Amino acid sequence: MSNTSYSFKENSHVIVNQGGEKKVMKKILSVALSTAMAFSMFASVAFGADAKLTPEQQFNALKEAGIVSGFPDGLSHLERTLTRAELAKIIVNSLSLEPVDATSYNDKNYANHWGRPYIEAATQAGILNGKDAVKKLFDPNGAVTVQELAKVLVTALKLEVPADANNTASAWAKGYVAAAVNAGYLADGINYQAQATRSQAVVAAYAIYEAAQVPTVKSYNVVDSKNVEFTLSNGEVVKVALEKALEPNKATEVTFKTADGKEIKTTVTWVVTAAQKIVSASASNYKEVVVEFDGEVDAASATAIENYKIDGVTFDSASLSSDKKTVTLLIAESSANLSQQNETTLKVSNVKNSDKSKTLSGEVKFKAVDVTLPEATKVEALGTKAFKVTFSEPVTAASVSATSHFRVDDKAIAGYVTFSYPNVAIITTDLAVGTHTLKISDVVDFAGFKVADKTYDFTVAEDNAAPEVTSVKTTDVKKVEIELNEPVKSVSKVYHTSSGKTGVAEVKDNKIIVDFTANPLSLGENTIYLQSVTDYSNNSADREVKVTPQLDTTRPEVVSVKVESASSNNNKFTVEYSKDVLSTDAENPDNYVLKNSKGEVVTGKGFSSKGHPYSVKFVRDGSRIVGNKVEFYSIGALSEGTYTLEISGIRDTSTIANTLYPYSTTVTVSDVSKPEVAASWYEEIQSGGKYTLEVFIQFSKNIAVEGTGTAIDVNKYNYDIVATGVTTANTPIPTNSKVELVNANTVRITFPAKDTTYFPTGTPRLNLRVTNVADTQGNYIANNFYTIQDVKSKATSQITLNKVEVTAKDVVKATFNGILSYVYADDFKLTDGTTDIGLQFVSQEYDGSKTIVTFKPVDDLSTDPTDFDFVVSATTPRSVNAYGISVLSGDTVTLTDKVAPEYVANSFTGADATGTTGRYTATLKFSEDLGPVLNVPGAFSVYVNGVKATVNSIANHATDADKLVITFTTDGSVVINSNDLVEIYLNESVNTAAKAVTDASAGKNAVTSVSVSKRQP
């Protein structure tokens, strides 16, 4: 059969729209659907990826797609055979490959053969190859065998080839045939070495064509750990949002769909050079810790020893590896060693990755295990008067410093040893030019292992050159590190600019570290002079080097803000900065403001009227102050919820201090308060001649009803009913009692019915003991038990007043010893015995087992609040708890004055000259009489025309109890003239802590705000 009778359309490509829909797909589907019924009973082998189509249907689909065409008689003649060239063309068209104009084979007339471009394209694609590789023959007109067709199919579809195939194919083809059979493209048990039919070729071509319709991934871009953009072979771009974040530098299989629903599986690797996490810490000796990161880290933060902490251990240095992925921490020689073979925790904080996109912090656990002997890794002569030995790990100074541990040419050394911790020894002795041997013995590491006896060869040459400076570096104006080209024995003097600006020099091997704290460098270029820099061959010279300090210009940042429970249900706030900060700023409460979820400043519970904590202190590690971490506390538990902490005005300890950008973060205060018993009562019910006792216990919080903290377990309660004055042991409640939750915070214990009363004569009383009850957050009652003495009957139980405070002229806060569900303002009044003032209900809130009710007096309290009592005036109060127990009628509490004095606006008089040049007084009036004023430095700041004055004293006015007198001296004793601006400000945090200016009440309410700005008349 000639090749013209079975035609293929050359260069036929499937056209793809932007959305991935193929224009020919509708035609293929129409052909398939129109012929499906006609061939529904056709039996053959499996038909590739689409088992619903017969070979004839597959032929028609390929024909409709423009890949093949039938014979002149209109038939497909699938029973006939085909040539290798014809197979090449059908494969090339099925894959939409471009024909290639090349000549790779030596067959006769191959250059003019019609199938050459297709053969070349299939060859370059790795799908077809020649029959004779040595002679480079393809045999384009030869018949295709079934096993050859199997290889083409398996290669094009990248099917898995089994290694243990057993069939009748040729040895080379057994695996390919098995793969094609397993995939359903060839029938099992046929003659695989026979010529392949066109039917079999169509099955293979259709499978290859169909596979080619799914585009491949041409490239991808990882936007971030959870988003990837794929560019497909058809030009389509697919944006994929991953459910699980990619791990840096780890190959991950990703499955996604194209716009027309085709599923693609591919492998994605998020290549990240900047570190994303701390991988591990390890120690192969007891003086060094190796910290490994999963990528590159920032040198400055990675080599800052303050960013690493092991309890009980002090670090001497941190060095970064050349690949910037590993930090070696050297423990100070005088510090304790690492714990041997016990788990140690290394705390890492504030290490930034190389692009500074992430701060790496966390704890890493490891065990230090030293199982290797120390050895000399390098021996080198330093001229003819000394040699240097470098050991593989830190060694002890005592063992290295003995010259008897070193023998040169098997002779004792007449000289001395200079040891540079951790592992360098320089031995001074006369040496002849030439080759020598060194034997080292009894040098000990920090595990107690001795160096193995071993000899080392080294060569000595004359050294007539003095040390040369190779580099100099400084991170501030106080410390300089100068490196030289050889070890230095001594330097007589180091100074900069002039001979009087000396520094303290320390020699470490080939480095001179100079401390210029007493004479800091200037900010520009400095010349550092080194006098008599001497090496171990006694070559000496003066050297100089220029250096410009590279100052720290990085602003401090807030690394974390943590809130946790402290003792007595207080909340502890811990703020950690990225670097050490000034105590004057970090411990200044004015630089911190706490706001609630509504944006209102938090007042009370340890916070001032402006939301400042009363006290902020650096965290201490034993006696050591942690210079980048502060803490402050609430007084009592804050309400559960979200808060905003604002921080500003914080400077670091750099030579030129860098200031924190104003910072704000939200923190969540979790429910960590312990539940309390808010109330308890009992009722004895007589019915049908039986007595039943019901005991109610109301807790301050919702109570657990399952788990170990459940409140409905009868075993959690003991009781005693005893006569007055009698004490007995707690008795378990009968096991047949019933314990049930009557609402979220109240349990009812029903004792079993009995014939007699539970309360005998003799004025008996009921005592209860509650153990191991928790709230719904898992917080257990304090000490895990709570004793309730003398439980009252419901008829005699009432809720009493705890305290009543006046916090403003129109605000009264009454605290009750119980949980009130309903509050009626008409139950209460204020009275001084003569005048009664009614109250209006404003709000109520709960603080543990207490209820705080805010009232507004009908008339402002213009006189001293302590002249008034708060009285439960109703005979039958309607303010009750959820069980009808009311407040105690007639209960009375004297008001507590919590109103802070206020500066009366525009009351400032002065500034009045005192007779001393530049000294003046200013008088301020307040809303009420002041108590004795304490002359506390820093309580007030005074400015004249923007220049700060010196406050000499603050004192009570001589005659007016509601006035304050401030005496101050202007800068340079400047005279205050008409129109000069005088400003006076109260430093609230100082006054709140010291109570320098308060009212005259017993509570000494501190003034919270004074802001005066007035031009002189």
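This is a predicted model: local features need pLDDT of at least 70, side-chain atom pairs count only at pLDDT 80 or more; totals for chains, interfaces and linings use all residues.
Helix α3 covers residues 84-94, and eleven of its eleven residues are buried, so the helix is largely enclosed by the rest of the structure. The buried residues are Arg84, Ala85, Glu86, Leu87, Ala88, Lys89, Ile90, Ile91, Val92, Asn93 and Ser94.

Three helices pack against these buried residues: α4 (116-124), α5 (146-157) and α7 (198-212). Just after α3, serine 96 has a positive phi of about 55°.

## Packing of α3 against α7

Two packed helices are described by the angle between their axes and the distance between the axes. For α3 and α7, the angle is about 25° and the axes lie 8 Å apart. Angles under 35 degrees count as roughly parallel, so α3 is roughly parallel to α7. The crossing of α3 past α7 is right-handed.

On the α3 side, the contact is made by Glu86, Ile90, Ile91 and Ser94. On the α7 side, Arg198, Ala205, Ile208, Tyr209 and Ala212 take part. By class, the contact of α3 with α7 has six nonpolar, one polar and two charged residues.

Strand β53 (residues 909-913) and strand β54 (residues 919-925) run antiparallel and are joined by three bridges. Alanine 913 has tyrosine 920 of β54 as its bridge partner.

The two strands form a hairpin, with five residues between β53 and β54. In the turn, glycine 915 has a positive phi of about 100°.

Terms used: Residues are numbered from 1 along each chain as its sequence is written. Side-chain values use heavy atoms; hydrogens and water are left out. Buried means under 20% relative accessible area, exposed over 50%, partly exposed in between (1.4 Å probe, protein chains only). Helices (H or I, at least four residues) and strands (E, at least two) are DSSP runs, numbered from the N terminus. Contact means heavy atoms within 4.5 Å. Axes are lines fitted to C-alpha atoms, for helices over the stretch in contact, and angles run from 0 to 180 degrees between N-to-C directions. Angles under 35 degrees count as roughly parallel, over 145 as roughly antiparallel, 65 to 115 as roughly perpendicular and the rest as oblique. A crossing is left-handed if the near helix is turned anticlockwise from the far one by less than a right angle, and right-handed if clockwise. Ala, Val, Leu, Ile, Met, Phe, Trp, Tyr, Cys and Pro count as nonpolar, Asp, Glu, Lys and Arg as charged, and the others, Gly among them, as polar. Two strands pair if DSSP finds at least two bridges between them.
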